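Opening my notebook on this one.

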Amino acid sequence: MLPGLVPPGEGTTDSDAVETIGGRLRAPPDHASAPLLTSAEVRVTLGAMARPTRFEHQRYMGDKRTQIVYDLDRYAEDPDVTAAVDDVLVAETFLAFGPDTIPEARNRGYRPYRS
């Protein structure tokens, strides 16, 4: 485990907080010698749920070309979803929904991806 990071499910205190500086994470002052990590490195290191960078705070992403919405909770777990989402990101035909729900995606004419 990296210094200054807490496993999921354990509480944190102010001294355990990890701060973001210029898009990089820094350990708390008592671990000042710890290296700076990118969010991708933290995701890989801790085994946290992986998501595309632009959608790290979204659950659903739509493809404007096919009107299909993908559940990003399945990204990196389902190879078909991962390949489809990566294709949408490369083509830059993605859309986020607000509120971030399937009913809102359906309101906009999108249908859920079926694997």
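Is Glu104 buried or exposed? I looked it up: Glu104 is buried, with a relative accessible area of 17%. Buried means under 20% relative accessible area, exposed means over 50%, and partly exposed is in between, with a 1.4 Å probe and protein chains only.

Before going on, I noted the ground rules. This is a predicted model, so local features need pLDDT of at least 70, side-chain atom pairs count only at pLDDT 80 or more, and totals for chains, interfaces and linings use all residues. Residues are numbered from 1 along each chain as its sequence is written, and side-chain values use heavy atoms, leaving out hydrogens and water.

**Entry: the overall layout**

I found three helices and seven strands in the protein chain. These are DSSP runs numbered from the N terminus: helices are H or I with at least four residues, strands are E with at least two. From the N terminus I read β-β-β-α-β-β-α-β-α-β. Of the 115 residues, 30% count as buried.

I traced four strands forming an open sheet in the order 6-4-5-7, with mixed pairing. Two strands pair if DSSP finds at least two bridges between them. The edges are strand 6 (94–96) and strand 7 (111–112), each pairing on one side only. Strand 4 (residues 60–63) runs antiparallel to strand 6, and three bridges join them. Met61 stands opposite Ala96 in strand 6. Then I checked helix 2 (residues 79–91): it packs on the sheet and touches strand 4, strand 5 (68–71) and strand 6. Touching here means a contact, with heavy atoms within 4.5 Å. The direction of helix 2 makes about 60° with that of strand 4; axes are lines fitted to C-alpha atoms, for helices over the stretch in contact, and angles run from 0 to 180 degrees between N-to-C directions.

**Entry: salt bridges**

Side chains of opposite charge can pair when their charged atoms come close. I counted a salt bridge when a side-chain nitrogen of Lys or Arg is within 4 Å of a carboxyl oxygen of Asp or Glu. That rule gives seven salt bridges.

Back to Glu104: its partner is Arg108, with the closest N and O atoms 2.9 Å apart. Arg108 is partly exposed at 38%.

Which residues does Arg65 pair with? One is Asp63, at 3.1 Å between the closest N and O atoms. The other is Asp87, at 3.0 Å. Asp87 sits in helix 2 and Arg65 in the loop between strand 4 and strand 5, 22 residues apart. Asp63 is buried at 3% relative accessibility, while Arg65 is partly exposed at 43%.
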